[in-house]
Amino acid sequence: MEIVLITGMSGSGKSVALRALEDSGFYCVDNLPPELLIPFIELENGQKEERVAIAIDVRSANSLPLMPGQLQVLESRGYKITSIFLDASSDTLLRRYSESRRRHPLSGSKATEGELALTESIEYERELLSRLREKSHIIDTSFLRAPQLQSYVKSLITSTSAKLTLVFESFGFKRGLPIDADYVFDVRMLPNPHYENALRALTGKDEPVQKFLENYPDVKLMQSHITNFIEHWLPALEKDHRNYITVAIGCTGGQHRSVYLVEQLSQHFSANWLTLKRHRELDSK
């Protein structure tokens with residue numbers, strides 16, 4: 001049975017992710033109490049259910065500490081669980097709650113000893129979910145539209161059979177660091193196509209930009225350094241039972257240099273590893 005566990009911050013898009021899995025043929029359950037996780041999986045397995053997706057979040061705050069142990073029990077029984085944690089910056093979550101006028105599930109709950117301000121509720125939620133976050137593949141939804149998040153989730157599910165999946169992600173520093181990155185490489189010192197009028201509106205996927213960057217030895221040197229670093233440490237990461245490694249490449253705007261390098265790196269590593277590509281700034285348009 002294929003099992004996907006969706007967790008994450010309130011307001012980060014768990015409902016959107018669950019709908020993507022439902023569209024992909026999963027039997028989906030939202031807000032399952034953690035203490036029911038093992039009985040539910042065993043029940044569905046007995047009924048020969050092939051694909052199950054479960055969303056568990058901070059609404060089950062009192063029993064969340066049970067989750068790591070529950071997952072260990074299921075793994076010891078031979079179940080393979082893909083855990084996806086949806087996250088977003090605190091500023092993004094504050095804006096989403098302000099726009100929707102929804103109440104945070106921890107605001108005024110018994111677990112918080114009284115009424116919490118929204119900012120305090122978000123930080124307390126991060127603390128409660130920290131152990132689940134450590135065990136999951138993280139998707140930063142701060143700049144993602146719903147269709148793009150659905151696409152990301154579906155691409156992850158298709159890669160679950162691989163021992164280790166490499167995710168290459170481009171981004172722009174002007175919008176902040178991606179919070180889902182395991183490794184971040186800054187390439188802002190490389191020649192910038194933005195200052196060429198003919199290239200400004202193009203991206204690192206376009207041939208004129210690629211040819212421009214390929215003319216500079218420093219670009220090739222940077223690509224070589226990143227490649228060598230990843231190739232050196234991948235075997236150790238795989239031995240550490242890592243399922244996903246996210247490598248983020250950042251330039252100023254996330255349009256030219258970082259996009260170009262993500263395209264080149266993903267093409268290189270796809271020969272031996274399952275790779276996924278993300279372009280944060282391009283995908284969010």
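Begin by selecting helix α7 (residues 207-214), which holds both Lys-211 and Glu-207, four residues apart, or about one turn of the helix. Helices here are DSSP runs of H or I with at least four residues, strands are runs of E with at least two, and both are numbered from the N terminus. The model is a predicted one: local features need pLDDT of at least 70 and side-chain atom pairs count only at pLDDT 80 or more, while totals for chains, interfaces and linings use all residues. Residues are numbered from 1 along each chain as its sequence is written, and side-chain values use heavy atoms, with hydrogens and water left out.

**Salt bridges**

Lys-211 and Glu-207 form a salt bridge, with 3.1 Å between the closest N and O atoms. The term denotes a side-chain nitrogen of Lys or Arg within 4 Å of a carboxyl oxygen of Asp or Glu. Both partners are partly exposed, Lys-211 with a relative accessible area of 47% and Glu-207 at 48%. Buried means under 20% relative accessible area, exposed over 50%, and partly exposed in between, computed with a 1.4 Å probe on protein chains only.

Next, select Glu-263 and Lys-277, whose salt bridge has its closest N and O atoms 3.0 Å apart. Glu-263 belongs to helix α9 (residues 257-269) and Lys-277 to strand β9 (residues 274-279), so this pair ties together parts that are 14 residues apart in sequence. Glu-263 is buried at 15% relative accessibility, whereas Lys-277 is partly exposed at 44%. Now select Asp-87, Glu-123, Arg-126 and Arg-133: salt bridges that share partners join these residues into one network.

Move on to Arg-175 and Glu-281, whose side chains meet in a salt bridge of 2.8 Å, N to O. Glu-281 is in helix α10 (residues 280-283) and Arg-175 in the loop between β6 (165-172) and β7 (183-186), so the pair ties together parts that are 106 residues apart in sequence. Glu-281 is buried, with a relative accessible area of 4%, and Arg-175 is partly exposed at 34%. Across the whole structure, a search finds 15 salt bridges.

**His-279**

Select His-279, in strand β9. Its relative accessible area is 3%, and it is buried. The side chain of His-279 makes a polar contact of 2.7 Å with that of Glu-263. Such a contact is a pair of N or O atoms within 3.5 Å; within protein, one must be able to donate a hydrogen and the other to accept it, and residues adjacent in sequence count only if both atoms are side-chain atoms. Which residues surround His-279, leaving aside its neighbours within four places in sequence? They are Tyr-152, Ser-170, Lys-205, Val-259, Val-262 and Glu-263, where contact means heavy atoms within 4.5 Å.

**The four-stranded sheet**

Colour the strands of the open sheet in the order β7-β8-β6-β9, which are paired in parallel. Strands β7 and β9 are the edges, each pairing on one side only. Neighbouring strands of this sheet are turned by 20° against each other on average, direction ignored. Strands pair if DSSP finds at least two bridges between them; β7 and β8 (residues 244-251) run parallel and are joined by four. Zoom in on Asp-186, which stands opposite Gly-250 in β8.

Helix α6 (residues 146-158) packs on this sheet, touching β8 and β9, and its direction makes about 170° with that of β9. Helix α9 lies across β6, β8 and β9, and runs at about 170° to β6. Axes are lines fitted to C-alpha atoms, for helices over the stretch in contact, and angles run from 0 to 180 degrees between N-to-C directions.

**Strands β4 and β5**

Select β4 (residues 81-87) together with β5: they pair in the parallel sense over four bridges. Asp-87 stands opposite Asp-140 in β5. In a regular strand, side chains alternate between the two faces of the sheet. In β5 (residues 137-140), His-137 and Ile-139 point one way, Ile-138 and Asp-140 the other, and all are buried.

**The whole chain**

Finally, zoom out to the protein chain, with its ten helices and nine strands. Its radius of gyration is 20 Å, close to the 19 Å that the globule rule gives for 285 residues, so the chain is as compact as a globular protein of that length. This radius is taken over C-alpha atoms, and the rule is 2.2 Å times the number of residues to the power 0.38. Along the principal axes, the C-alpha atoms fill a box of roughly 60 × 40 × 30 Å. Buried residues make up 50% of the 285 residues.
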